[in-house]
Amino acid sequence: MPKKKNEKTSEASALKEKLFMKRKNTGFEMSEQDTAKADKFCEGYKSFLDTGKTEREACAEAVRLAEQAGFVPFEAGASYKPGDRVYTVNRGKAIILAIIGKKSVAEGVNIAAAHIDSPRLDLKQNPLYENEGLGYFKTHYYGGIKKYQWPTIPLALHGVIYKANGERVDVKLGEDDKDPVLVITDILPHLADEQYKRPAPKLIKGEELNILIGSRPFRDDKASEAVKLGIMCILNEKYGITEDDFVSAELECVPAYKAKDVGFDRSMIGAYGQDDRVCAYTALSAILAVKGTPDRTAVTVLTDKEEIGSEGCTGLKSSYMKFFLFDLAECFGVNGRTLLSHSKCLSADVNAAFDPTFAEPFEKLNASFAGRGVVVTKYTGARGKSGTSDASAEFVSEVRRMLDKDGVIWQTGELGKVDFGGGGTVAMYVANLDIDTIDVGVPVLSMHAPFEITAKNDVYMAYKAFRTFFKN
Ligand code: MN
Ligand code: MN
């Protein structure tokens with residue numbers, strides 16, 4: 001009798017093995033060598049995060065790395081041959097890199113598109129004021145933030161100011177160990193009774209995200225606004241600016257700390273701006289790592305403005321990527337739309353990793369998990385798939401076979417339970433160009449927080465996924 005029972009069990013196990021979906025976990029499936037490679041890869045990733053905390057800085061760093069790898073500025077109308085490496089920069093905030101493939105661009109190109117802007121606090125155009133002896137900057141937040149997460153953390157100021165004469169001044173304050181940092185204050189718990197009654201989105205209101213920037217009055221001044229004057233004197237000395245110049249500035253407040261390993265086992269990375277510089281760095285590294293000439297032309301796009309809906313001339317709702325691809329097609333006497341219609345795109349963006357502490361908004365069968373590989377997201381959107389391109393079964397099938405063939409550990413994902421919220425990526429704007437597109441990226445814990453978490457193994461698998469894509 002017991003024997004028969006065992007036989008039945010093993011038959012069930014065999015059938016299960018054959019018929020059920022096998023969930024992967026990088027911790028079990030990655031070899032020791034691959035884990036070591038992931039750790040090493042993430043050292044480069046961490047320095048990319050520290051070097052490029054804004055879209056402008058990430059773009060400049062991408063240019064530096066591209067030139068180091070032999071990429072040269074693209075010239076419309078020039079003649080190119082397979083293996084040539086080019087890049088083009090859009091207004092200092094977005095970059096497109098391409099390696100000409102063996103096949104004609106008439107057969108399409110392979111695009112990995114990530115974004116290098118992240119949620120942050122932008123200074124208003126007239127930011128500087130003094131209140132009760134304290135100096136402040138007014139801000140307007142950029143992208144989807146939980147406003148209460150931003151007070152009482154050290155902040156750095158990054159960006160550019162254009163002076164009255166048009167001269168550009170670069171600002172980066174709060175990153176050097178010797179630099180001062182800036183901060184937003186919060187009310188002490190003893191006196192927070194009224195604040196606690198506010199609904200969470202208003203716990204800290206938009207107009208309360210005021211950045212504390214000084215408190216010492218200008219020595220010889222007996223007039224009002226002596227603190228503001230003291231600050232303006234320092235800014236004038238350091239940057240040569242007057243208050244008017246804030247009008248033509250883009251100054252972004254971001255967390256002042258550096259990327260760190262997280263966990264006793266150092267298996268994760270904690271840092272600001274991993275959405276989406278984790279996919280930007282992996283997609284960039286993947287194209288830089290291409291040896292020789294790929295079959296199909298490889299393209300990496302690092303775009304701006306995704307966090308505010310891809311608007312503006314540096315976001316992917318604009319035509320800059322299409323114009324580049326048209327110019328590229330023209331170099332080979334190919335019709336631009338022929339190139340577009342045969343192209344494929346991995347929209348390289350993060351997804352929400354299942355959070356066991358906050359399990360409610362996730363549907364476990366379809367959520368992505370930190371440490372289970374790169375996540376392939378067929379659709380994002382909200383309320384009945386509104387605001388997503390929803391990749392076709394045919395394209396999912398192609399991507400699935402491509403990743404499996406090269407041993408990339410991957411998982412599926414969706415952005416939370418049905419009707420629990422939602423969001424989008426650049427996928428739909430690329431798909432609107434008649435390009436097959438699917439989201440492929442890294443699962444993130446605490447997404448859009450000032451300190452986001454990713455698993456190193458997933459970062460490495462994202463890199464492998466883009467490497468594989470550029471081989472095909
Ligand atoms: Mn993103
Ligand atoms: Mn985002």
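**View 1. The residue after helix 4.** Helix 4 is followed by G70. The phi of G70 is positive, near 90°. Helices are DSSP runs of H or I, at least four residues, strands are runs of E, at least two, and both are numbered from the N terminus. This is a predicted model: local features need pLDDT of at least 70, side-chain atom pairs count only at pLDDT 80 or more, and totals for chains, interfaces and linings use all residues. Residues are numbered from 1 along each chain as its sequence is written.

**View 2. Length and burial of helix 4.** Of the 14 residues, 10 are buried (under 20% relative accessible area, 1.4 Å probe, protein chains only). Among them are R56, C59, V63 and L65.

**View 3. The largest pocket.** Its volume is about 1,100 Å³. Closest to its centre are A352, L415, G422, M447 and H448, out of 43 lining residues. Strand 19 (436–441) is one of the elements that give two or more residues to the lining; its 3 residues are the most. A pocket is an open set of points on a 1 Å grid over the protein atoms alone, where a 1.4 Å probe fits, with protein on both sides within 12 Å along at least five of seven lines; lining residues have an atom within 4 Å of a point. The volume is the space filled by probe spheres set on the points.

**View 4. The pocket and the domains.** Domain 1 (26–118 + 272–471) and domain 2 (120–255) both line the largest pocket, so it lies between them. Domain bounds come from an automatic or database assignment.

Methods
Chains lettered and ligands numbered in written order. Heavy atoms only, no water. Buried < 20%, exposed > 50% of the residue type's maximum accessible area, 1.4 Å probe, protein only.
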